[in-house]
Amino acid sequence: MAEEVLLSVRGLSKLFPLGGGLLRKPKAWIRAVEEVSFQVGRKESFGLVGESGCGKTTLGRLILRLIEPSSGSIFFSGVDLLSLDRKELRALRPRLQIIFQDPYSCLDPRMRVGEIITEPLRATTRMSRSQRRDRAVQLLEKVGLRSSDLERYPHEFSGGQRQRIGIARALAGQPELVVADEPVSALDVSIQAQVINLLLDLQEEYGLSYLFISHDLSVVEHLCDRVGVMYLGRIVELARVQEFRKSPRHPYTRSLKASVPVADPDRPWQPAPLEGDVPNPMAPPAGCSFHPRCPYAFEPCAIQRPELVEVGDSHWVACWLNQGQGILAY
Ligand code: SF4
């Protein structure tokens, strides 16, 4: 990890109540995120991967305090984010930004591009109108659009262009951390590479840190320095990307990686080895929550949940196969 820690998340959990009301207890709780801990260094890209519903998007929103956690702590640049009141959080907001997944719905169709990009500046800075406009022109050009696009509306752009507008808006307040929530998954494959390269260029130029949320392992491996794999609300493996590529340890990570198609005509096609659905987060399985789907499950797996333990240099795994003395080969 980069030497200076920018974001530190400790034991973060989010339980959503189901049913109930003002005076009635909830019927059940959905465990969206459970005791998640990790750090992101300055200028580092940290990727969060996992299947749909694993809690990665909820985790991103918790970090931005778009939703409030049930427990845990979030420190950003040494500031306890959960202790901030609304006014303090608003003042800090430009330093912590988000790029949303869907470039079609995240831009207000009634606003011109110039207003969309300068809106965060109007709310959080004392910049004059012309200064804001200059900044918007500069950002539009930075993301590969033209200054004349300032006067146009979102519907006049393609999906890739709208995502560039979303990126320009996220950059307006000169953020230090950008949460990029599936920023390319709604785009055509040909456009995805352009947006990923743009994100890499902007990181280099502005010294950004990314929390990059994706279900696409190849994108995360290309863009990130470290990777965390989430399953049913918990991180089950954490590693540097080189280690993640070469020797993933958790059976779930291995299944995810084996599910990625390889463009090699000589390699026979193999069915995706990950079978079954993610269990119900209202009633997660006892022990290791992956055990109903795990081909390596053995006795302790259904009884006790394995903790994340360090199995190599900055490589952490929550699996009984990797605990105790030595690591079992499998
Ligand atoms: Fe599979 Fe057991 Fe490891 Fe869970 S703890 S991933 S069930 S081997």
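Which strands each supply at least two residues of the lining of the largest pocket? They are β2 (28–41), β9 (226–231) and β10 (234–240). Before I go on, some ground rules. This is a predicted model, where local features need pLDDT of at least 70, side-chain atom pairs count only at pLDDT 80 or more, and totals for chains, interfaces and linings use all residues. Residues are numbered from 1 along each chain as its sequence is written, and side-chain values use heavy atoms, with hydrogens and water left out.

Now the terms. On a 1 Å grid over the protein atoms alone, a pocket is an open set of points with protein on both sides within 12 Å along at least five of seven lines; a cavity is a set where a 1.4 Å probe fits but cannot get out; lining residues have an atom within 4 Å of a point. Points join across faces, edges and corners, and volume is the space filled by probe spheres set on them. Helices (H or I, at least four residues) and strands (E, at least two) are DSSP runs, numbered from the N terminus.

Back to the largest pocket. It holds about 560 Å³ of space. Its lining has 28 residues, with Ser37, Ile235, Leu238, Leu308 and Trp316 nearest the centre.

The second largest pocket has a volume of about 340 Å³. Fourteen residues line it, and Arg93, Gln97, Ile98, Phe100 and Pro120 are the closest to its centre. Helix α3 gives the largest share of that lining, 4 residues.

Next, the cavity. The count is 1 cavity of 30 Å³ or more. About 70 Å³ of space lies in the largest cavity. Among its lining residues are His250, Cys288, His291, Cys294, Cys301 and Cys319.

Last, helix α6, residues 189–206. After α6 comes glycine 207, with a positive phi near 65°.
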